[in-house]
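Q: Could you take a close look at the helices for me? I would like to know where their residues sit and which side chains meet, told as one connected account.

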Amino acid sequence: DELGDLNHSINVMGSHLKNRIDLITAKRDQIQAIVSRMINPVVLVDDHLNVLEINPAAANLTDNSQYVGKNISDVILNEDINHIIRITLEKKQDQESAVCFDPVKGIYYFVHTTYIEGISTLSGTGTILVVMNDISGMKRLDDMRREFSANASHELKTPVTSIMGYVDTLIETYREHPENIGRFLGIIKKQSDRLARIIEDLLILSRTDSTYIRLEKEHMMADELIAVSVSNVSEMAAEKNITIECGD
């Protein structure tokens, strides 16, 4: 009877243990399935910086075929990322930074690392979780916005400078050379219209973020555009003894 009771207790304990193992295995499989399908590179390393787990997105960042058990510096060949991981291990604190992964292709990642205590490994009880977000598109957009701001500032400065220059000239010479008043006012009007068109273009571009804008295409003769540009700067060029010629 005592052996029977012991056998029954062992069977019950084994059943509970099997259920617990099955539950843990199912949760592990769920987590691995989620991580493996993430588009963000994810790497888990131990306190000796050896790779414990790596998802396919992170595996695509290296040419090595074997990842688990190798040092992270042999898997992720980027010194900035490896430096962040080492700092995380030394300070045992979360770290994050934007990193240029490939300057030729313009690939940038925002790297976030987390030190996790209490997870037992062969080398210790600490692990580092590395998650990388691809911010290449945001970086390109930021560069485009900076370039656009510089170009827009230049485009706005040109007609404003021209208007101010002709207004000053008009004020200084309108008594001695009244015959130039009409021409100067015509140039000021032309530059004012140009300034208004630039501002309207900027307003249209600002609305493209929230609405769909249909762009209207039109043909323009290059010689007409060049002639207008030369006319806009002819007075300033003459003041500096600069001759502008338009070829055929």
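**The helices and their surroundings**

A: Leu3 has its place in helix H1, which covers residues 2-36. Please keep in mind throughout that this is a predicted model. Leu3 counts as exposed because its relative accessibility is 71%, and exposed means over 50%.

Strand E1 (residues 42-46) and strand E2 (residues 51-54) run antiparallel and are joined by 3 bridges. Val45 has Val51 in E2 as its bridge partner. The hairpin of E1 and E2 leaves 4 residues between the strands, and in this hairpin Leu49 takes a positive phi near 65°.

Which residues of H4 are buried? They are Ile81, Asn82, Ile84, Ile85, Ile87, Thr88 and Leu89. As for its length, H4 runs over residues 79-91, and at 1.5 Å a residue its 13 residues should span 18 Å. The C-alpha atoms at its ends are 18 Å apart, so the model agrees with that expectation.

The buried residues in H5 are Ser136, Ala152, Pro159, Ser162, Ile163, Tyr166, Leu170 and Thr173.

H5 also brings us to the charged side chains. Lys139 and Asp143 meet in a salt bridge, with 3.2 Å from N to O. They lie 4 residues apart in H5, which means that about one helical turn separates them. Both are partly exposed: Asp143 has a relative accessible area of 29%, and Lys139 has 25%. Asp142 and Arg146 make a salt bridge too, at 2.4 Å from N to O. Here again the residues are 4 apart in H5, so about one helical turn lies between them. Arg146 is partly exposed with a relative accessible area of 47%, and Asp142 counts as partly exposed at 35%. These four residues, Lys139, Asp142, Asp143 and Arg146, are linked in a network of salt bridges.

Helix H6 (residues 181-207) holds Lys189 and Asp193, 4 residues apart, about one turn of the helix. Their side chains form a salt bridge as well, with the closest N and O atoms 2.8 Å apart. Lys189 is partly exposed at a relative accessible area of 49%, and Asp193 is partly exposed at 31%. The structure holds 5 salt bridges, among them the Lys189 and Asp193 pair.

Technical notes
Residues are numbered from 1 along each chain as its sequence is written. This is a predicted model: local features need pLDDT of at least 70, side-chain atom pairs count only at pLDDT 80 or more; totals for chains, interfaces and linings use all residues. Side-chain values use heavy atoms; hydrogens and water are left out. Helices (H or I, at least four residues) and strands (E, at least two) are DSSP runs, numbered from the N terminus. Buried means under 20% relative accessible area, exposed over 50%, partly exposed in between (1.4 Å probe, protein chains only). Two strands pair if DSSP finds at least two bridges between them. The expected span of a helix is 1.5 Å times one less than its number of residues.
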